[in-house]
Amino acid sequence: RVCSQRFGSRVVEIGAHWIHGPSKGNPVFQLASEYGLLDEEATSEENQQIETGGHPILPSLSYSSSGRILNPELVISMRNLFSTLLGQTHMFLNLAQVPVPSVGEYLKKEIAEQVKEWTDDDDETKQLKLAVLNTYFKLECCVSGTHSMDLVALRSFGEYVTLPGLDCTFPGGYGGLIDCMLASLSKESILFNKPVKTIHWRGSYQEEGSEGRTFPVQVECEDGETFLADHVIVTVPLGFLKEHHKTFIQPSLPLQKVEAINQLGFGTNNKIFLEFEKPFWGPDCQLIEVVWEDESPLAAPSTNLQAVWFKKLIGFVVLQPPEQYGHVLCGFIAGKESEYMETLSDSEVLTAFTHIIRKLTGNHHLAPPTKVLRSKWHSAPYTRGSYSYVAVGSSGEDIDTLSQPLPEETSDPRLLQVLFAGEATHRTFYSTTHGALLSGWREADRLLSLYDASEFHQPKPRL
């Protein structure tokens, strides 16, 4: 889900934003470094050794819904508390018994105990602390790509691996990495705008001509054109498989793989880019957090999406540097509220965010954004969401099941027909571009190992 797009005169990331954990163990970082796509600071040894725990470290400012800037000490104390509690979830990894099924339930249970110790705080301070913690719940929903942390399995949460390194971006756009990788391939080897309708496997498809080969796989495109192959690597998002696996792959997938597709989580995390004629934030600010003072993680959230969808916004990243981007903010919003936002017009979204920003800053005359651009990952027909997570009722074993090639029962690995890659098939790096890349290499290596020229003298495999 790399999607670099023009926003006026600059390039912004509609999809993948950061290289998470840019260090020697990250293949995306290594490739980007080799291609010369990163700046010197991003590739420095110092940056590669910083441990961020999967969350970018940015100088921040926290606005509340009452139009004030919150005390940084209070915000930092709640951020540290949330981070500590989130880290504690890893101790339940693969335990036979867990206290509650989900990460969200565990965090709320622990926060309720913490509140009992806030004896020196008045009611207003307690509520403000809970409101700040609620913002970090929403942030974690964005990180995990889920509607609620109540949907994320506690037992498997610690299996996700974060890499060291200070998260960095591509100065020229993430798409530059794809362009460099494609440069080594002939133009004739890649077909664009060629959506696949059905992958037929377990077949015996004859190539045209009296002496044509027979192939086990036929790829049928929506325009009716077909392609024959020995093997096919499927890299479509899990969200697409959830909706279309019955018709997309024929004969039907084995029951165990269908259950894995259904049980694993796949949610939506969208971005909203807003351009301003003048910044209302300071020159050192890189992250603007949004805190709704009437909210608490211990209270049931509203289900009236039309009335409160915008309150799921966690805040804005200030795109840097301003010489390149101008005055542009990138907002993040996850879950059902994010999907509801996709149904609104740009004008409605612009109006809503103008109201929010005026409310947060207390400046009711603040000039509205001059331009808006947003992602719509749930509406996109070939993604149907953003990325995967291990949901309550599933486990890392489901990721392994999803990644296993077909047919399952073959004794000769050279007869494998349908292979699976993509971020949702990597057990420890799911939801990341480096996980997606590694999964593709995994399946390519699987096929390469089947065709050792010294042992197997057959026609070159067709993919």
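Predicted model: local features only at pLDDT ≥ 70, side-chain atom pairs only at ≥ 80, totals over all residues.
**View 1. Helices H4 and H6 pack against each other at an angle of about 50°.** Two packed helices are described by the angle between their axes and the distance between the axes. Here H4 covers residues 72-88 and H6 covers residues 123-144, and their axes lie 9 Å apart. With that angle, H4 is oblique to H6.

**View 2. Side by side, these are the residues where H4 meets H6.** From H4, look for Leu74, Val75, Met78, Arg79, Leu81, Phe82 and Leu86. Their partners on H6 are Thr125, Leu128, Lys129, Val132, Leu133, Tyr136, Phe137 and Glu140. Sorted by class, the contact of H4 with H6 holds eleven nonpolar, one polar and three charged residues.

**View 3. Ile69 sits in the loop between strand E3 (60-64) and H4.** Leaving aside residues up to four places away in sequence, Ile69 touches Leu61, Ser62 and Tyr63.

**View 4. The largest cavity holds about 60 Å³ of space.** Rolling a probe the size of a water molecule over the atoms shows where empty space is left. Searching the whole structure turns up one cavity of 30 Å³ or more. Around the largest cavity you will find Val234, Val236, Pro237, Leu238, Leu241, Leu402, Phe420, Ala421, Gly422, Ala424 and Thr425. This lining has nine nonpolar and two polar residues, with no charged ones.

Technical notes:
Residues numbered from 1 in each chain as written. Heavy atoms only, no water. Axes fitted to C-alpha atoms, helices over the stretch in contact; angles between N-to-C directions. Helix = DSSP H or I, 4+ residues; strand = E, 2+ residues; numbered from the N terminus. Parallel < 35°, antiparallel > 145°, perpendicular 65-115°, else oblique. Contact = heavy atoms within 4.5 Å. Nonpolar A, V, L, I, M, F, W, Y, C, P; charged D, E, K, R; others polar. 1 Å grid on protein atoms, 1.4 Å probe; cavity = no way out; pocket = protein on both sides within 12 Å on 5 of 7 lines; lining within 4 Å. Points joined across faces, edges and corners; volume = space filled by probe spheres on them.
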